[in-house]
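Colleague: I would like to learn how to read the features of a protein model. Could you take me through one?

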Amino acid sequence: MGFLKYALPALMATNAVFAADCGSSGKSITIENQSDADKYSSCKTLKGDVEISEHVSGDININGVEQIAGSLTVDGANNLSSLAASSLSSIGDTFKLNGLTTLTTLSFGSLNKVGSVKWAALPQLQNLDFNKGITEADDVTITNTGLTNLDGISLKTVGTFDITENQSLKTVNVNNLKNATGLINFAGNMDSLEIELPNLAGGSNMTFRNVSSVSVPSLKELTGQLGFWGDKFKSFSAPNLTETGDLVFNDNQKLSNISMAKLTKVNGGFQIARNNKLGEISFPDLETVTGAIDFSGKFDKASLPSLKNVRGGFNMQSTGNFSCDAFKKLEEDKTIRGKYECSGNKAHPTTKDGSSGASGTGSGSSASASSSEGASPINVANMPAMGLAAVFGALVQYAL
């Protein structure tokens, strides 16, 4: 009994030391090299934040750890070539990688849940080795990487999904994504980028700049803006979309067809401008636009047969040969409540704010944005849902 009297407290103290080695909430564990990482191989859970030093080089493998309660951060480690954690299934807070200019391998085969993803300046990283795939994340921001696809990002829901300046990114296919509560934004990536969101049914704001295709066959409703600037696709279809916030098609030089057969309401402004290949505009079920309608370009036909309520102004100008008779009647019947202007066969059509409405017409207060300008992730592509004046004001500003 005398032995136990002294041995038990000693054993408890030893266990406490081992527990402390697995970190504590609110504190950081710093890994300077592989030997540091190996110290935690017996820990199933690291309780605090994990920071990998900027001075590490070569490969770092976090063996054995299944959960990190806080964040995992690697910032400025220019000589880190590989980061792996084969058993890690969850990161409670942010998974942050920044300025890892020689990183070529990111291997997290069991990872499926993170608080948020924030990756920037990973120019040599071409693919993700994420066998299980991240299915849960509040926000995902990926910018300036060498990634060619986002395989391994298998989200079901997301807040912000911001993918910018990834010049090698060819495809994005997030099959499982059904809802996004924040901004979905693609800007400044490879011009041939193809985006597939086959099961996305609802969301907030979606903006696309300089992409070659966007597929959203299940999309039914957006509470905020849906906008397209400088994109390369010939056709866009949202066959199940019934309602959205501000709706913008601006300077998409190959666009010849827009199909939104079920769209009934635009909660904000609706602008179509500088889409020179778009010969016909037709929204057969559109009933209500709570802001202004602002269509300008080279189209020959515009059809809005179900329109019942335009609470803002109405501007329709084109070089094409079309009649304004149907729209004039809507203005006379007070269906259009704001300032009305409509004209066909106009040599120099302009938008509501006076900028050129058709690329190459050489009129208005500004020329249309060039393709190189369209590739930049400018603020207008990162704005949340806005009022009509703010949307169109921003469009004019960034078209300069």
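Predicted model: local features only at pLDDT ≥ 70, side-chain atom pairs only at ≥ 80, totals over all residues.

Colleague: How many helices and strands does the protein have?

Modeller: There are five helices and 34 strands.

Colleague: What percentage of the residues count as buried?

Modeller: Of the 400 residues, 50% count as buried. The protein exposes about 16600 Å², and carbon and sulfur atoms supply 48% of that area.

Colleague: And contacts along the chain: what percentage join residues at least 24 apart?

Modeller: Take the contacts between residues at least 6 apart in sequence; 25% of these join residues at least 24 apart.

Colleague: Now the charges. Why can two side chains pair?

Modeller: Side chains of opposite charge can pair when their charged atoms come close. In this structure there are seven salt bridges. One of them joins Glu 66 and Lys 44, whose closest N and O atoms are 3.5 Å apart. Glu 66 sits in the loop between strand E4 (57-61) and strand E5 (67-68), and Lys 44 in the loop between helix H2 (34-38) and strand E2 (45-46), so the pair ties together parts 22 residues apart in sequence.

Colleague: Is Lys 44 buried or exposed?

Modeller: Lys 44 has a relative accessible area of 52%, so Lys 44 is exposed. The cut-off for exposed is over 50%.

Colleague: Which residue forms a salt bridge with Lys 96?

Modeller: That is Asp 75, with the closest N and O atoms 3.8 Å apart. This pair links distant parts of the chain: Lys 96 is in strand E8 (residues 90-98) and Asp 75 in strand E6 (residues 72-75), 21 residues apart. Both are partly exposed, Lys 96 with a relative accessible area of 27% and Asp 75 with 36%.

Colleague: Where do Glu 331 and Lys 328 lie?

Modeller: Both lie in helix H3 (residues 325-332), three residues apart, which is about one turn of the helix. Glu 331 is partly exposed at 21% relative accessibility, and Lys 328 is partly exposed with a relative accessible area of 35%.

Colleague: Which residues gather in a patch of positive charge on the surface?

Modeller: Lys 234, Lys 254, Lys 277 and Lys 298 do. Among them, Lys 234 lies in the loop between strand E21 (226-229) and strand E22 (235-237). Lys 234 is exposed, with a relative accessible area of 58%.

Methods. Residues numbered from 1 in each chain as written. Heavy atoms only, no water. Helix = DSSP H or I, 4+ residues; strand = E, 2+ residues; numbered from the N terminus. Buried < 20%, exposed > 50% of the residue type's maximum accessible area, 1.4 Å probe, protein only. Contact = heavy atoms within 4.5 Å. Areas by Shrake-Rupley, 256 points an atom, 1.4 Å probe, with all protein chains shown as cover. Patch = residues over 30% accessible without salt bridge, like charges linked within 9 Å, V, L, I, M, F, W, Y side chains within 5 Å. Salt bridge = Lys/Arg side-chain N within 4 Å of Asp/Glu carboxyl O. Lys, Arg positive; Asp, Glu negative; His and termini not counted. Charge placed at Lys NZ, Arg CZ, Asp CG, Glu CD.
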